[in-house]
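Hi there,

Here is the structure I promised to pass on to you. Have a look at it first, and then read my notes below.

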Number of protein chains: 4
Amino acid sequence: MLIVMHHQATDAQILAVKQAVEALGLRAEPIPGSMRTAIGVLDNQGYVDDSAIRELPGVREVIHVSKPYKLVSRDFHPRATIVEVGGVKIGDGEKVVMMAGPCSIETEEQMLTAARQVKAAGGHILRGGAFKPRTGPHSFQGLGIAGLKYLSAAGKAVGLPVVTEVMRIEQLDIVCQHADMLQIGARNMQNFDLLKEVGKLDFPILLKRGMSATIEEFLAAAEYIVAEGNNRVVLCERGIRTFEKATRNTLDLSVVPLIRELSHLPIIVDPSHATGKRHLVPVMARAALMAGAHGLMVEMHPEPEKALCDGAQSLDPKGFEKLMLELRRIEDFMAELAV
Amino acid sequence: MLIVMHHQATDAQILAVKQAVEALGLRAEPIPGSMRTAIGVLDNQGYVDDSAIRELPGVREVIHVSKPYKLVSRDFHPRATIVEVGGVKIGDGEKVVMMAGPCSIETEEQMLTAARQVKAAGGHILRGGAFKPRTGPHSFQGLGIAGLKYLSAAGKAVGLPVVTEVMRIEQLDIVCQHADMLQIGARNMQNFDLLKEVGKLDFPILLKRGMSATIEEFLAAAEYIVAEGNNRVVLCERGIRTFEKATRNTLDLSVVPLIRELSHLPIIVDPSHATGKRHLVPVMARAALMAGAHGLMVEMHPEPEKALCDGAQSLDPKGFEKLMLELRRIEDFMAELAV
Amino acid sequence: MLIVMHHQATDAQILAVKQAVEALGLRAEPIPGSMRTAIGVLDNQGYVDDSAIRELPGVREVIHVSKPYKLVSRDFHPRATIVEVGGVKIGDGEKVVMMAGPCSIETEEQMLTAARQVKAAGGHILRGGAFKPRTGPHSFQGLGIAGLKYLSAAGKAVGLPVVTEVMRIEQLDIVCQHADMLQIGARNMQNFDLLKEVGKLDFPILLKRGMSATIEEFLAAAEYIVAEGNNRVVLCERGIRTFEKATRNTLDLSVVPLIRELSHLPIIVDPSHATGKRHLVPVMARAALMAGAHGLMVEMHPEPEKALCDGAQSLDPKGFEKLMLELRRIEDFMAELAV
Amino acid sequence: MLIVMHHQATDAQILAVKQAVEALGLRAEPIPGSMRTAIGVLDNQGYVDDSAIRELPGVREVIHVSKPYKLVSRDFHPRATIVEVGGVKIGDGEKVVMMAGPCSIETEEQMLTAARQVKAAGGHILRGGAFKPRTGPHSFQGLGIAGLKYLSAAGKAVGLPVVTEVMRIEQLDIVCQHADMLQIGARNMQNFDLLKEVGKLDFPILLKRGMSATIEEFLAAAEYIVAEGNNRVVLCERGIRTFEKATRNTLDLSVVPLIRELSHLPIIVDPSHATGKRHLVPVMARAALMAGAHGLMVEMHPEPEKALCDGAQSLDPKGFEKLMLELRRIEDFMAELAV
């Protein structure tokens, strides 16, 4: 932490700041410059709460150097984490993983059909929502536990592990019985109690980036899970909220190389929620792969035009098959490119 | 809902869209223009999910007219809702309400001191956090249930109702025993399960706006609570996330008159979290009152420079006393101005 | 400037950075911490370009302490600047100034009528646009020089100085002949050549904040003008671009106390462009005054429903008169409050 | 345009709106629904200014269907535009074009060296800034006309056309003499006078997206140029401003397929300004190509660590050479993929 003093800060003010830092058990190192004095804060083991300092007389600005995460940081754990989900491995050096399926589970048959289509095209993990976070309470909220059972049965029938979103702590037990990976949705990325609870499990977690979460906050959210003992965390970029309304969200692909550099956790991309438009999904999926994503999550529905949720951004089975073929070719190409 | 067709959309495409709308049980009214056809969707009772339509061939854009909320809308319920919290009334025509206290409850003594200071200065509701949502897991997370008890005791000792944040469903029972109003924090504004559960209570709720929530989403979140039967909801603007980093968040005061126009629920403003800087709190509090806020929520700590959390944005007792004096004078002035 | 090295940065890397700093003629002071080394950069006289350093091996982050402005900073020039426009003074300790008039100049008669109404209600400066920046080329672009003459004549007829936007350097001469203050619009806030040219004049400038300009960039834009010798600059907050679409822009009122703290230049607020809605203008104008604005700029049209531009955000004469009465009462009230 | 009336709008209010529409020479078609009436506006030939309507009594919302651009729209001009710059063709079906060179022109020798390196690696167009838009006036502002001459000479020496930014109208003549393509920078995207002037030339224009410009505004800016008669416009995505500060801007790659769909103009991507970090440039360049960009613009400096401007985001000659090799392989791969 660096404390920048005002131009006209007095010696007494500088001394008071130094003492406030030392009262926190840290070392304060004044650095006098030509125009102002800055005070370096040393010996901290991580992020320092600056509350006691930021508004002291003479302080102009407090600049944080330490990050609010450490366990998920590549700085301290250089080796890449590989997360295994029902036999499928996700992370550095592994094959690109495709998670696909309908936005919401609607019927046993729909789910089974979708599962067969995902499997036939070469998908690796089946997705489907039983509990749906919807902006308003009057929209379809998902089938709940009945849906979970359809998903689980469909996964078993075709031999694919399944991932589904969990929205409340009480659901953890039942969802863990039926799923192979738990998704924490964008709206719950800072639902810290939920993060702590899934951190206590030995279970793979798919953590989606919050709509307006910085990369720092995204990694700090993952830190909540890992700090409880569960390091089986896969991160997922799904678009951020900006002024641009031509797409549902703005897909931030730079986050892929950045996360790969800052963290040892795998990072995948969801182009369906990012764009909100089916015809943009394949092109942004391709771009995400080239940016280095360890996997993709896309919405595929047997009949998108009849979907109860997010049909407009769901691929149909033909479109998904084509995307899978491309994915494999891109993967091969990238392997050649790396040589 | 209005469906705008492409310039070159064929008659067959227009017909297919019409049929898709009718399949949803709604009426479709084509409006041929000089450059393109638009199709009005009628007879819907609220927000229509456009998934089945948005990506049909020939569709250029789908424009929503209905909102994802209705019960909280002034359109349908013109009379203002007054929310009562332990004898204190919040809403149109009532006195401006001041909620104040420390960011987090630290000790029995700190809480009691703060309570006496809030009461002495004329504050109406005592705040204090027992469960703290912090960006990273390594920061102070609050005292939990012990803290709740200190808060409750302090409120009783000085005769003030108390408000505190609740972060998980299992805490609802215990928090309701010790508090008079439950706060749903910005990070949980779209934790829909939590919203539904507090909707089942007959208890006042303070709902903070999410960091990147539109007004529409903010009201739709309130709709979740009201739809379950609890209309004792007070909304709270606390700044939104923008590119500007000179303040912690960007206080969006236009939301105050807008919410007053769109909804019958009361709206208050939290200038402490919005600005993140103690010296900006009084000036933005004044501006919020002039914008028509039904109340304010500010952080006040007996010794801000020793606070475990958010000390830099907390007023000290003197500053709070001064703010309370101003608040009353502004209130009187606004009453005169309205004559 | 502070250069933060990576956790594992080698001594050789630290040395190389130190040398790169010294090659810029600056002093480098390594500050070894428990987890990493930081390097303080000293003896710089202002903002340092970090290009040569930011991507050197071992560098994790470069943190700027100096700002890209100095002349407009209160740090170095504590005394407030008062800008005089045709006898009207704007700044600390002066009366709140009201600039008002139509978005665009339409006819001689419209302008004269507007001028009389602004004058009669007690407005101080007359505004009107002759050259209009419009998103698309097919919208009304203003009357140009003919409009300027109507504006100038109307101002003279009623005895009010006039302000109008200038969009290109070649217009400076002619506009200076007809106006008393030049407005640089939000879209041109970083049209640096235009800034430099108006900086060479001895003429009052109204500089509007760019749609996505940080406060730092806003002040750096003003620095361009002042650096050329013209310190007659008034800043104007007019809303920033955010994800929220319920208002045209998001009015950022915190900027008012912040600018007053950081700079000696006056700051006014334009609630018309910020909200885009006539009925929100008076309430946000009141809030802006309470936030400490030195003045307001509002759109007023004799017949807003017939306006060629921005009619929806223009007050009508009655509404303007009411706002002026309020403004005076608020001003008196604030003077009392300060006692 | 669709005008949505309030729930309780009276028949008289609906009639008044209908008449206001007709007064604009347009047709108004009321569409009564179960909850409210909407009024369709027909027979307009483009974007309608809603000023006279938006705040009429009983109006809740005005929704625009027409866009503020038409000439640049693929809707009306389905055939792709190919822009030729000194023999290099940019657009659909052409080879991907690489524009590269230093951020700013520093010396004759630096420019010539850079030109040779760009040419040797297979680059197509040489870039270099003679007039530099810098946030603050105290940073290096470019060599001006001397720089232009170095650029022009270097281009001729190696046989590459050159592109450079123009910031003011008076520079157009001289810059056209020395350059083969004019760049309008992000800060000038809505400098409408400059757009109009370059629209009068028969000269290729590179138009960069404004920092907070929507796609609609970006295309409307291009419309300004095309409306004056110059359709030799290449669009350039260079990152938008968001809350995320880990990258200089947020690269919005979805804009590439969207622009290709909405417009007939070519679209290229600048990953250097978007990320601000050299090591992210190659990976985002690859992603941009996969997203369908018609070209790239990257900063390359013979010795980035000595650059006077933006060195941290400039590739060195080795890095550029590697990128060019990749680009060709990606291009071949994409051609195969399309089969």
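Chain A can be laid on chain D by a turn of 180 degrees and a shift of 0.0 Å along the axis, with an RMSD of 0.0 Å (copies are superposed by least squares on the C-alpha atoms of residues with pLDDT of at least 70 in both). That is how a two-fold axis relates two copies. Within chain A, Ala287(A) has the C-alpha nearest the axis, 2.2 Å from it. The copies meet through the same surface, because 100% of the interface residues of chain A are also interface residues in chain D.

Before you go on, please note that this is a predicted model, in which local features need pLDDT of at least 70 and side-chain atom pairs count only at pLDDT 80 or more, while totals for chains, interfaces and linings use all residues. Residues are numbered from 1 along each chain as its sequence is written, chains are lettered from A and ligands numbered from 1 in the order in which they are written, and side-chain values use heavy atoms, leaving out hydrogens and water.

Now to the fold. In chain A, 8 strands close into a barrel with parallel pairing, in the order S7-S8-S9-S10-S11-S12-S13-S14. Helices (H or I, at least four residues) and strands (E, at least two) are DSSP runs, numbered from the N terminus, and two strands pair if DSSP finds at least two bridges between them. One such pair is S13 (residues 267-269) and S14 (residues 295-299) of chain A, parallel over 2 bridges. There, Val269(A) stands opposite Leu296(A) in S14(A).

What about disulfides, meaning pairs of cysteine sulfur atoms within 2.5 Å? The structure holds 0 of them over all chains. For Cys176(A), the closest cysteine sulfur is in Cys236(A), 19 Å away, which is too far for a bond. Cys236(A) is in no disulfide either, as the nearest cysteine sulfur, in Cys103(A), is 14 Å away. Cys236(A) counts as buried, with 0% relative accessibility (buried means under 20% relative accessible area, exposed over 50%, partly exposed in between, with a 1.4 Å probe and protein chains only).

Finally, look at Glu228(A), in the loop between helix H7 (215-227) and strand S12 (233-237) of chain A. Glu228(A) is partly exposed, at 34% relative accessibility. Leaving aside residues up to four places away in sequence, Glu228(A) touches Lys196(A), Gly199(A) and Lys200(A), where contact means heavy atoms within 4.5 Å.

Enjoy exploring!

Technical notes
A disulfide is a pair of cysteine sulfur atoms within 2.5 Å.
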